[in-house]
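Here is a colleague's note for someone meeting this structure for the first time. Please read the points below with the sequence and the model side by side.

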Amino acid sequence: MKRMKAVLTVCLLGALLCACGPTDGAPEAAAPTAAPVLLGFSQLGSESAWRVGSTRSIEEAAERHGVSLMMLNAYQKQEKQIDAIRSFISYRVDVISFAPIVEDGWDTVLTEAKTAGIPVILVDRLITTQDESLYACFVGADFIKEGRSAGEFLLKKADAMGASHLNIVEITGTEDSTPQRQRHQGFHETIEGDERFTVLESISGDFLVSKGEECMRYLLDKYGEDIDVLYSHNDGMTLGAIDAIREYGLAPGSDIIIITVDGEQAAIDLLKAGEINCVVECTPNLGDAVMELAKKLAAGESVPKTSHPDEEVFTEFDDLSDLAPRGY
Ligand code: GYE
């Protein structure tokens, strides 16, 4: 079917070229333009300002690159993402892309995409699979590195304070998602074996502001003023947790050291105000990279299996006066 469509397009183009070729004295006809690449994109939800920024980045980049975009929001449900991928397959899009909410459970639907000959770009998060050929490439952050940066900041902060012992609580992202697994891993690897640190508890706040607040209330009820450090896997949960800390009567950023990931404007503002100590950047602006990859894959070109954007770390030790507005 797809081949038929391609053959038809080639014939039509050939006919057009013959019919419209420049003749002596006649004005030159505009070159026929190729059909735009059709990209089906399944966004996992709208759980955070980061995610809203990610959706915007995909939409704006599609426009800029002349890619036709079919975008479906899965509202935090893996089943809806699987349904979306199936509808992209039946629609016979040129390329499928999605941000997998969790890592496991994609083999069946991706085998269907492979059988249909449609290449798949993973955006933002990874999947676990025995068969790497089920996706063409991944574009997204290096979450282990982000976790390490969070841990490295804590080492530096503890040195600067001359701290002999610090108790840590961790609020993690959506369970079994790549950022949750790897931000946890990178952080723990970095502080492991340093006897100044004890991790009191690690619980999931699902990347949501409301759950971040709920988790922090629970942690404060349980450990009270024993908590010295909060490591939170995204800014949304951190904002919720900060409300809970204030409500409890403690000062975020001084009574409790706060380390967060994403780099939303709201978190940067709190960092500047001394209420957050470290923000590890994770950029949602992956749209241009996705469109470049989609166009190459649609043209049958090869692409790198993994690409990571450049990311920074902003801390209380840095001069942030020149930092440009974040845009998310
Ligand atoms: O950190 C969080 C979002 O997958 C990197 O998902 C993304 C994470 C991001 O909800 O805010």
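1. Glu275 and Arg246 form a salt bridge in which the closest N and O atoms are 2.9 Å apart. This pair links distant parts of the chain, since Glu275 sits in the loop between H9 and strand S10 (278-281) while Arg246 belongs to helix H8, 29 residues apart. Arg246 is partly exposed, its relative accessible area being 38%. Please keep in mind here, and in every point that follows, that this is a predicted model.

2. The structure holds 22 salt bridges, and another of them joins Glu103 to Arg181, with the closest N and O atoms 2.4 Å apart. Because Glu103 lies in the loop between S3 and H4, and Arg181 in helix H6 (residues 178-191), the pair ties together parts that are 78 residues apart in sequence. Glu103 is buried, with a relative accessible area of 6%, whereas Arg181 is partly exposed, at 28%.

3. A further salt bridge brings together the side chains of Glu47 and Arg125, at 3.8 Å from N to O. Glu47 is found in the loop between S1 and helix H2 (49-65) and Arg125 in the loop between strand S4 (120-123) and strand S5 (137-139), so this pair, too, ties together parts that are 78 residues apart in sequence.

4. Helix H3 (residues 78-91) has 14 residues, which at 1.5 Å a residue should span 20 Å, and the 20 Å between its end C-alpha atoms agrees with that. Which residues of H3 are buried? They are Gln78, Gln81, Ile82, Ala84, Ile85, Phe88 and Ile89; seen down the axis of H3, the buried residues fall within an arc of 160°, so they line one face of the helix. What covers them includes strand S1 (38-43), strand S2 (68-73), strand S3 (95-98) and helix H4 (107-115). On the other side of H3, Glu79, Ser90 and Tyr91 are exposed, and just after the helix Arg92 takes a positive phi of about 55°.

5. The largest nonpolar core has 27 residues, of which Met216 and Ile256 touch the most other members. Strand S6 (166-172), helix H7 (209-223), helix H8 (235-248) and helix H9 (265-272) are the elements that give two or more residues to this core. Apart from it lies another core, of 25 residues, including Ile82, Ile96, Phe98 and Leu110.

How values were computed: Residues are numbered from 1 along each chain as its sequence is written. This is a predicted model: local features need pLDDT of at least 70, side-chain atom pairs count only at pLDDT 80 or more; totals for chains, interfaces and linings use all residues. Side-chain values use heavy atoms; hydrogens and water are left out. Helices (H or I, at least four residues) and strands (E, at least two) are DSSP runs, numbered from the N terminus. The expected span of a helix is 1.5 Å times one less than its number of residues. Buried means under 20% relative accessible area, exposed over 50%, partly exposed in between (1.4 Å probe, protein chains only). The arc is that of the directions from the helix axis to the C-beta atoms. Contact means heavy atoms within 4.5 Å. A nonpolar core is a set of buried Ala, Val, Leu, Ile, Met, Phe, Trp, Tyr and Cys residues joined through side-chain atoms within 4.5 Å. A salt bridge is a side-chain nitrogen of Lys or Arg within 4 Å of a carboxyl oxygen of Asp or Glu.
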